[in-house]
Amino acid sequence: MRRVRYESRGGPLFVEEAPLPAPGPGELLVRTEAIGVTLPVVRKVGEAAEPGPLGGEIAGEVTAVGEGVTRFGTGDRVTGLCFGHGYADFAVLHETMTSPIPAQASAVDAVALVRGGLVALGTLEAARPQPGEAALVTAAASGVGHLAVQLARTRGAGRVVGAVSDPAKAGFVRGLGADHVITYGDNGWGTPVDYVLDAVGGELLTPALHALVPEGRLVAYSSGGGTIQAYDLLVDAKSVIGFQMARIARGKPELYEQWREELWRLFEAGELRPVVHGQFALEDAAKAHGEIEGRSNLGKVVLIP
């Protein structure tokens, strides 16, 4: 089979022939039909001290199951998070990180919706939104952000603001249901909001915090780091909440499954629309990463084996 790999920090990415993996206890072997490209994986290639497998979200058909697997069998269509080599013709999923794909959805729908949607929904839950409150979503055109904009509306937000890196993305974000769109370099981010869902971090943490009303909440789920001054929290009793999806997956599997079911319900009802920015062959994985690095994507970037 083919898989994408790299041998040094920053790449380059290349396709190589590799043996077919065998599923271990509790694992599934999946013939991949779609692979989601995420910012954490792109950053891993550029920042990790040692090269590692390119994992992430995949979707496809189960071709073999390991010992102890009870929920899935060969021929089932599934999606899940791969911790090994996911940029490949075949990949291994653990049963606990796998969910079925509904009959009316495609593999591309699955990788565009499930993982990004879980992060968006979990981040929104962490913000404790109340009906009628105003929300601001940074990276609003990204694979996660474009779903967060829509989910904020389904959870009763009275006003949704999208923040983007390029004003050219404004039309796309408004089309998702945002009332207003601002760019990171704007001098002030408009009328303050009750909560911010921040995927960017770094230098944007300060303006994101300033965009909150007194007692507002900022939920940070970025791997980009950043620093906040304690005084900026104290003066208006604002709060910052960190969110990591892996903690929910490991520690609260029932909630994880509940959120997955909610995402598919909203998808089937037409209330949540995952958008695919582009589909790339495995051989073009570097181009797919370039779309993320250049912040040019509007929605999800997907690899098709």
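Author: W264 is buried, with a relative accessible area of 7%; buried means under 20% relative accessible area, exposed over 50%, and partly exposed in between (1.4 Å probe, protein chains only). This is a predicted model, in which local features need pLDDT of at least 70, side-chain atom pairs count only at pLDDT 80 or more, and totals for chains, interfaces and linings use all residues. Residues are numbered from 1 along each chain as its sequence is written, and side-chain values use heavy atoms, with hydrogens and water left out.

Reader: How many aromatic pairs does the structure hold?

Author: A pair of aromatic rings is described by the distance of the centres and the angle of the planes. Rings of Phe, Tyr and Trp (its six-membered ring) pair if their centres lie within 6.5 Å; planes under 30 degrees apart count as stacked, over 60 as edge-to-face and the rest as tilted. The structure holds 2 such aromatic pairs. In one of them, Y184 and W189 have ring centres 6.5 Å apart and planes at 35 degrees, so this pair is tilted. The rings of W264 and F267 have centres 5.5 Å apart and planes at 85 degrees, so that pair is edge-to-face.

Reader: Are the residues Y184, W189 and F267 buried or exposed?

Author: Y184 counts as buried at 17% relative accessibility. W189 is buried at 8%, and F267 is buried at 17%.

Reader: How are W264 and F267 placed along their helix?

Author: An α-helix has 3.6 residues a turn, so residues three or four places apart point the same way. W264 and F267 are 3 residues apart in helix 8 (residues 253-268), which separates them by about one helical turn. Helices (H or I, at least four residues) and strands (E, at least two) are DSSP runs, numbered from the N terminus.

Reader: How is the crossing of helix 2 and helix 8 to be read?

Author: Axes are lines fitted to C-alpha atoms, for helices over the stretch in contact, and angles run from 0 to 180 degrees between N-to-C directions. The axes of helix 2 (residues 107-126) and helix 8 come within 9 Å and cross at roughly 120 degrees. Helix 2 and helix 8 are therefore oblique to each other, since angles under 35 degrees count as roughly parallel, over 145 as roughly antiparallel, 65 to 115 as roughly perpendicular and the rest as oblique. Helix 2 passes helix 8 in a right-handed crossing; a crossing is left-handed if the near helix is turned anticlockwise from the far one by less than a right angle, and right-handed if clockwise.

Reader: Which residues make the contact between helix 2 and helix 8?

Author: Contact means heavy atoms within 4.5 Å. On helix 2 the contributors include L113, L118 and L121, and on helix 8 they include W259, W264 and F267. The residues of this contact divide into 10 nonpolar, 2 polar and 5 charged. Here Ala, Val, Leu, Ile, Met, Phe, Trp, Tyr, Cys and Pro count as nonpolar, Asp, Glu, Lys and Arg as charged, and the others, Gly among them, as polar.

Reader: Why is helix 3 described as largely enclosed?

Author: In helix 3 (residues 145-154), 8 of the 10 residues are buried, so the helix is largely enclosed by the rest of the structure. Among the buried residues are H146, L147 and Q150. Just after helix 3, G156 takes a positive phi of about 90 degrees.

Reader: Which residues other than glycine have a positive phi?

Author: R128 has a positive phi of about 55 degrees although it is not a glycine. R128 lies in the loop between helix 2 and strand 8 (134-137) and is partly exposed, at 47%. Phi of R295 is also positive, near 55 degrees. R295 is placed in the loop between helix 9 (285-293) and strand 15 (300-304), and counts as partly exposed at 47% relative accessibility.

Reader: Where is the charged residue E95 found, and what does E95 touch?

Author: E95 is in the loop between strand 6 (90-94) and strand 7 (98-100), and counts as buried at 10% relative accessibility. Leaving aside neighbours within four places in sequence, E95 is in contact with G26, E27, G68, V69, T70, R71 and F72.

Reader: Which peptide bond is cis?

Author: The bond from G11 to P12 is cis, with omega near 10 degrees. P12 lies in the loop between strand 1 (2-5) and strand 2 (14-17).
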